[in-house]
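Please look through the sequence and the 3D structure shown here, and then read the short report that follows.

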Amino acid sequence: MQKNALIKLDEKEISCPVMVGTEGEMAIDARNLRRDSGYIFYDQGYGNTGSCESAITFLDGDNGVLRHRGYPIEQLAEQSEFAETAYLIIYGELPSAVQRKKFGQMLRENAAIDTQMMRIFDGFPRSAPPMGMLTSIVSSLAAYYPHLATNNFEKDLANFDLTAAMAISKIRTIVAGIFRYRHGLPFMHPKDIPFCDNFLHMMFSEPYKEYAAIPEVTRALNLLLLLHADHEQNCSTSTVRMVGSSGANLFTSLAAGICALSGPLHGGANSAVMQMLQTIHDEGDDGTRFIEAAKSGAKGNRLMGFGHAVYRNFDPRARIIGHACDVVLNKLGKSDPLLEIAHNLEQAALKDDYFISRKLYPNVDFYSGIIMRALGIPTELFTTMFAIGRSPGWIANWREVASNTKGRIYRPRQLYTGPVKRDYVPMAKRG
Ligand code: ACO
């Protein structure tokens, strides 16, 4: 039976239908509220607003639950690998052996960057921030492949399998290219090998010395990317949906998502964590000073890698990656003083009333930097790694928007707080 929510405003009762998701999540359908009452809901930052229906990822922040297309992240982390999870997220089902083979082949066939497009790299100073380079180069895909990026949903969806594979594979290749360019190293062309090994080859092969794959490193990279593959309506994914809702093609929408990811409160947090750990290490501190400063409440002093906009108990990805950190470093026979500092910081914060009362726990970024460091990925590239990992989620969300024939352009309202109407004052009469 249809449930309704009654909202009483100025002696008038407005009935809003209640919507229920497949996991029992409930929402009040307020789409007609303004039409029927003149009111809007005020929800700064959309923290309590459902902007869409989506069948991709279920997230229960209170209980630390994350599932892609119904599959728990713990099972995917244990049994799947990045390319397979990417397929699942984009297409809704785990691939058959034939589908998986074809998807892998498409990723390999679309890995290379057009020769002309490679020249874009030369336009950047060697010191250009990697995320700035990534957004520009990804947005240029729409210009290099205009026949696949027409800004017409019907036409763009007809080429979706190709553009999705191109996007995932090329974003990975571009990131490796950014690394090589910034270090003045020659570009390494992709080879006909699996996704993660291909990335490591493009990063670390030398002209006369091919990178030799190390299974533990490949596995760790797979896990890292898989854990980032999608995360419901976060800042960058909502950006992709918002830009996509205007009819923009996949590449352009992805570039917007990458811009959104670059901020320190979102994708930039992983490198901020490393900077924080490094500073603690360099100062010979045990982290006490950072914890005390973080408790001041000032945004600039936050303990990076702690807290999450939706997880209020624990971030399931942080548990997996925290454990993986120990395993990877062990297997590679490496020790990292920053890992020890991270463990100490975590223990101290988890005992501190400030963090307990605010339900602040380590998020995925707290340990992901340590894994990347162990793999030889420099800190400045961390957020671009996040972008490679998140690309399947962005693509799947763009596809939902593009396929929704009843969708409308994203257009929130606001509460205006500026001056009321006043008359124009000519320059001569202004004080
Ligand atoms: N360190 C210290 N205090 C914090 C932290 C932190 N990392 N995070 C939140 N708080 C405090 C706030 O100051 C606030 O305190 P108050 O109630 O006394 O005012 C309280 O905890 C609640 O914080 P909110 O701002 O409501 O949390 P919000 O949900 O808006 O922010 C965010 C979430 C942005 C992730 C925040 O926790 C943060 O800045 N963390 C550090 C950056 C970070 O690690 N980002 C990565 C997020 S995960 C990802 O993008 C993959």
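## Contacts with the ligand

In this predicted model, a backbone N or O atom of F306 lies 2.9 Å from a nitrogen atom of the ligand.

## The shell around the ligand

There are 21 residues around the ligand, and those that come nearest are R302, L303, G305, F306 and Y354.

## A sheet of three strands

The model also holds an open sheet of 3 strands, in the order β4-β5-β6, whose pairing is antiparallel. Its edge strands are β4, covering residues 57-60, and β6, covering residues 71-72, and each of them pairs on one side only. As a general point, strands of a sheet pair through backbone hydrogen bonds, and they may do so in either a parallel or an antiparallel way.

How many bridges join strand β5 to β6? Strand β5, made of residues 65-68, is joined to β6 by 2 bridges, and these strands run antiparallel. Looking at individual residues, one finds that H68 stands opposite Y71, which belongs to β6.

Key
Residues are numbered from 1 along each chain as its sequence is written. This is a predicted model: local features need pLDDT of at least 70, side-chain atom pairs count only at pLDDT 80 or more; totals for chains, interfaces and linings use all residues. Side-chain values use heavy atoms; hydrogens and water are left out. Two strands pair if DSSP finds at least two bridges between them. Helices (H or I, at least four residues) and strands (E, at least two) are DSSP runs, numbered from the N terminus. A residue is near a molecule or strand if one of its heavy atoms lies within 4 Å of it. A polar contact is a pair of N or O atoms within 3.5 Å; within protein, one must be able to donate a hydrogen and the other to accept it, and residues adjacent in sequence count only if both atoms are side-chain atoms.
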